[in-house]
Amino acid sequence: MSRTRVLAHPRVRAAVVAALLAPLAACSSSAPSDTSVAKVTPSPDDRPVTVTVTPAGAKAPAGEPVRVTATSGRLTSVTVTDARGHRLAGEVAADSRSWVSGRKAVPGTAYTVAVATLTAGGTAGSTKAGFTTAPADKVNKVDWRPGAGATVGIAQPISLVFDHPVKNRAEVEKQLRITTSNDTEGSWGWMRDWSGRDRVDWRPRTYWKPGTEITLKAELNGTDSGADGGWFVRDYTTAFTIGAGQIVEVDLDRHRLSLVRDGKTVRRIPVSGGTPGGDKRSWRGTAVLMSKEGTINMNSETVGLRDAYNKMVDHSMRLTWSGMYAHAAPWNAKYLGRSNQSSGCIGMSDADAAWFYAQVRPGDPFEITGKDTKGVVEPGNGFGAWNLSWAEWQERSALR
C-alpha cells in the first residue's frame with residue numbers, strides 16, 4: 001500500500017516528508033506542493049508529528065476507506081473533500097492517533113485531506129495532502145421498485161435489479177439500509193430476475209402493516225460489484241408507504257375471485273382461469289400485483305403460445321413477468337364462474353374488471369389456489385418471494 005507522510009512541527013509550517021502525488025486532473029483541485037523540513041531541534045515534548053494518509057498517489061485504488069494516522073502527537077481534526085466540495089465524513093479514534101472515513105473512496109475522484117495536529121507539548125500544527133483514485137473501467141447501475149412517494153399494497157417487496165453481475169453480494173448487501181416506522185422484521189434475498197440479471201429483494205417476515213412508512217438508502221457509491229460487474233458510482237434512495245390491508249383470493253376450482261379488505265370480503269367476482277392440462281394453465285401460490293397497465297395488446301407469441309391470441313385487452317393488471325394478468329375477458333363470458341378456459345390469465349367481465357381495477361394497487365397479493373396449475377410462482381417471476389418460507393427466504397441473504 002502506498003502512503004503519504006506529512007510532518008507537523010510547532011515552530012514551522014507543516015511539511016510533507018514523501019512526495020504527495022502527481023498533479024491532479026485539470027477539472028480537479030490540485031494537491032498542495034511539497035516543502036522541505038526546517039532543521040530545528042525540537043524539545044522532547046515538541047518533536048514533529050508524522051501524519052500518514054492512505055490511499056495515496058495519482059491512481060490510487062478506489063473502494064477503500066481513507067485512513068489518517070499520527071505518531072508523536074494527536075489528530076485534532078481531519079477533513080476530506082472531493083473536487084466538488086463534498087465531504088467524506090469519518091471519526092477520530094478515542095486515542096486521537098487515527099481517523100477513518102465512514103464511506104469508501106469512489107473511482108475517478110480527486111480528494112484533498114486537511115489535517116490539524118497537536119504535539120505532546122500542546123503546540124498546534126496543520127498540513128494538507130491529496131490523492132486521486134483510478135477511474136472505473138465499468139459502471140454498474142440499478143433499477144429499483146417501488147418508486148419514491150408510492151403507496152403500495154401489503155405484499156410489495158423492495159426490489160433492486162442490476163445491469164451487470166454482482167459477485168460481491170455480501171459487500172453490496174452491507175450497503176443497503178432499510179428503516180421502517182414500526183421496526184418491521186425483514187430480510188434481503190438474492191435471485192435471478194426473469195430478465196436474467198442479478199436481483200436482490202427485501203421482504204418482511206409477514207405482510208406489511210397498513211400505514212407503514214419505509215425508506216431504502218442504498219449507499220453503493222464506491223462499492224465494487226466484483227468480476228464483470230464494475231463499480232457503483234452513485235447512491236440510491238426511495239421512500240414509500242403501505243396502503244390498505246387488501247388480499248385478493250383467487251379460487252380456480254370454484255372459478256371466483258374475492259377482494260378481502262381488513263379481513264372482510266368486499267366483493268366476489270366470477271372468473272375463468274387457465275385451461276387445464278397444458279401450457280395454458282395458470283400459476284398458483286402468491287403473486288403480487290406488479291402494475292396496472294390499462295388497455296394493452298396481448299400477443300400469445302410473446303409468451304410461447306404461438307398464435308393462440310392477439311388482441312387489445314382492457315383493465316390489464318400484471319401478476320408475473322411470464323405474462324399472467326388479471327383483466328377483462330368479455331369473449332369468455334359463458335365460462336366466467338363456470339370453467340377455466342383462458343390462456344393462463346384470470347379473466348372477468350368488463351363491469352367487474354372496471355370495478356376491481358379501481359380497487360387494487362400494485363403490491364396487493366393475489367393468493368391463488370387450484371388443483372390443475374403449472375406450479376408455484378418463482379421468486380424472480382414477478383414478486384414471488386412469498387412462496388418461500390421465512391427460513392428459506394433468509395437463506396438467500398448473502399450475509400447469512
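Trainee: How many aromatic pairs does the count come to?

Mentor: The count comes to 8 aromatic pairs. Keep in mind that this is a predicted model. In general, a pair of aromatic rings is described by two values, the distance of the centres and the angle of the planes. Here, Phe356 and Phe366 form an edge-to-face pair, with 5.9 Å from centre to centre and 85° between the planes.

Trainee: Where do Phe356 and Phe366 lie in the chain?

Mentor: Phe356 belongs to helix α2 (residues 350–359), and Phe366 belongs to strand β27 (residues 365–369). The two are 10 residues apart, and the pair links distant parts of the chain.

Trainee: Is Phe356 buried or exposed?

Mentor: A residue counts as buried when its relative accessible area is under 20%. Phe356 has 0% relative accessibility, so it is buried. Phe366 also stands at 0% and is buried.

Trainee: Which residues form one aromatic cluster?

Mentor: Phe162, Trp190 and Phe232 do.

Trainee: How do β15 and strand β16 pair?

Mentor: They pair in the antiparallel sense over 7 bridges, and β16 covers residues 198–204. To read a sheet, list its strands in order across the sheet, then look at the pairing. In this case 4 strands form an open sheet in the order β11-β13-β16-β15, with antiparallel pairing.

Trainee: Which are the edge strands?

Mentor: They are β11 (142–145) and β15 (186–192), each of which pairs on one side only. From one strand to the next, the twist averages 15°.

Trainee: How many salt bridges does the count come to?

Mentor: The count comes to 15 salt bridges. To read one, find the two side chains, then ask which parts of the chain they belong to. Asp198 and Arg169 meet in such a bridge, at 3.3 Å from N to O. Asp198 lies in strand β16 and Arg169 in helix α1 (residues 169–174), so the pair ties together parts that are 29 residues apart in sequence.

Trainee: Why does Arg169 count as partly exposed?

Mentor: Its relative accessibility is 27%, and partly exposed covers the range between the buried limit of under 20% and the exposed limit of over 50%.

Trainee: What does Arg177 form with Glu219?

Mentor: Arg177 and Glu219 form a salt bridge, and their closest N and O atoms are 2.8 Å apart. Arg177 lies in strand β14 (residues 176–180), while Glu219 is in the loop between β17 (213–218) and β18 (236–242), so this pair ties together parts that are 42 residues apart in sequence. Arg177 is partly exposed, with a relative accessible area of 39%. Glu219 is partly exposed too, with 22%.

Trainee: Are Arg199 and Asp193 buried or exposed?

Mentor: Both are buried. Their side chains meet in a salt bridge, at 2.8 Å from N to O. Salt bridges can also share partners: Lys104, Glu171 and Lys174 are joined in this way into one network.

Trainee: How many helices and strands are there in the protein?

Mentor: There are 3 helices and 27 strands. Of the 400 residues, 48% count as buried. The protein exposes about 18,800 Å², of which carbon and sulfur atoms supply 47%. Among contacts with a separation of 6 or more, residues 24 or more positions apart account for 66%.

Technical notes
Residues numbered from 1 in each chain as written. Predicted model: local features only at pLDDT ≥ 70, side-chain atom pairs only at ≥ 80, totals over all residues. Heavy atoms only, no water. Pairing = 2+ DSSP bridges. Axes fitted to C-alpha atoms, helices over the stretch in contact; angles between N-to-C directions. Buried < 20%, exposed > 50% of the residue type's maximum accessible area, 1.4 Å probe, protein only. Contact = heavy atoms within 4.5 Å. Areas by Shrake-Rupley, 256 points an atom, 1.4 Å probe, with all protein chains shown as cover. Salt bridge = Lys/Arg side-chain N within 4 Å of Asp/Glu carboxyl O. Phe/Tyr/Trp six-rings, centres within 6.5 Å; stacked < 30°, edge-to-face > 60°.
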